[in-house]
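User: Please pick one part of this structure and go through it closely. Which residues are around the ligand?

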Amino acid sequence: MAAPIRVLFVCLGNICRSPTAEGVFRHLVDAAGASDRFEIDSAGTGAWHAGEPPDRRMQQAARRRGYTLEGKARAVTARDYAHFDHILAMDGDNLHTLLERCPPEHRSKVRLFRDHDPEHPGASVPDPYYGGADGFLEVVDIVERTSRSLMQALLQEGER
Ligand code: 4NP
């Protein structure tokens, strides 16, 4: 069997945006019957929230759209750069931090998640942490459409 496509979603704290991307992407992949094609994880550029579950407000917003968020926060490690095929940053700051720490041979794996957003390619997923409930729902909506498009692109790439 072919090696899985290894995808890592990265934000700052790994308690809001990247666990949402991980959960939504996994849900879409399962629904497409493609779970054996992917290895999916998320991490943060910072370690302040390491060991914590996804933020309660983020879990609530995800649940309203039918997604369950799981896992515990962790920071990106040196091993991640070698292990994952696609390292997808939630915003421009995350992208910058990831590239600063990335060994040169793995730089091409590091991109903005929203490069795959059909509506606003190249935008950042806004950080919802210090805002209201609407911000968390907006994250889910952005992540949902972007994940759909990302999954299609990666599956097509895998067929070539
Ligand atoms: P995330 O959101 O990067 O989407 O997980 C944040 C989580 C925590 C903080 C900022 C953003 N913080 O400042 O602690």
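Analyst: A polar backbone atom of Gly13 is 2.9 Å from an oxygen atom of the ligand. A polar contact here is a pair of N or O atoms within 3.5 Å; within protein, one must be able to donate a hydrogen and the other to accept it, and residues adjacent in sequence count only if both atoms are side-chain atoms. This is a predicted model: local features need pLDDT of at least 70, side-chain atom pairs count only at pLDDT 80 or more, and totals for chains, interfaces and linings use all residues. Residues are numbered from 1 along each chain as its sequence is written, and side-chain values use heavy atoms, without hydrogens and water.

Ile15 also brings a backbone atom. Its N or O atom lies 3.0 Å from an oxygen atom of the ligand. His49 uses its side chain: an N or O atom there is 2.8 Å from an oxygen atom of the ligand. On its own, the ligand has 360 Å² of accessible area, and the protein covers 91% of that (Shrake-Rupley method, 1.4 Å probe).

Around the ligand are Cys11, Leu12, Gly13, Asn14, Ile15, Cys16, Arg17, His49, Asp127, Tyr129 and Tyr130.

Take Cys11 from that list. Cys11 sits in strand β1; helices (H or I, at least four residues) and strands (E, at least two) are DSSP runs, numbered from the N terminus. Its relative accessibility is 2%, so Cys11 counts as buried (under 20%; exposed is over 50%, partly exposed in between, with a 1.4 Å probe and protein chains only). Neighbours within four places in sequence aside, Cys11 is in contact with Arg17, Ser18, Pro19, Ala43, Gly44, Thr45, Met90 and Asn94 (heavy atoms within 4.5 Å). Cys11 and Ala75 are 64 residues apart in sequence, yet their C-alpha atoms are 9.6 Å apart in space.

Thr45 is one of the contacts of Cys11. Thr45 lies in the loop between β2 and α2. It is buried, with a relative accessible area of 11%. Not counting residues up to four places away in sequence, Thr45 touches Val10, Cys11, Leu12, Val76, Asn94, Thr97, Leu98 and Arg101.

At the start of α4, Asp91 reaches in: one of its side-chain oxygens comes to within 3.0 Å of the backbone nitrogen of Asp93.

Go back to Ile15 and Cys16, both around the ligand. Met58 is in contact with Ile15 and Cys16, and also with Thr20, Leu69, Phe136, Val139 and Val140, leaving aside neighbours within four places in sequence. In α2, the buried residues are Met58, Ala61 and Ala62. They fall within an arc of 100° seen down the axis, so they line one face of α2. The face turned away carries the exposed residues Arg56, Arg63 and Arg64. Cover for the buried residues of α2 includes α1 and α5. Asp55 caps the N-terminal end of α2, with a side-chain oxygen 2.8 Å from the backbone nitrogen of Arg57. Just after α2, Gly66 takes a positive phi of about 90°.

Met58 also belongs to the largest nonpolar core, a set of 34 residues (buried Ala, Val, Leu, Ile, Met, Phe, Trp, Tyr and Cys joined through side-chain atoms within 4.5 Å). Val7, Phe9, Phe25, Phe38, Met58 and Phe113 touch the most other members. At least two residues each come from β1 (5–11), α1 (17–31), β2 (38–44), α2 (56–64) and α5 (133–159). α5 gives the most, with 10 residues. Another core lies apart from this one; its 12 residues include Ala43, Tyr81, Leu98 and Val110.

Definitions and conventions:
Near = heavy atom within 4 Å. Arc of directions from axis to C-beta.
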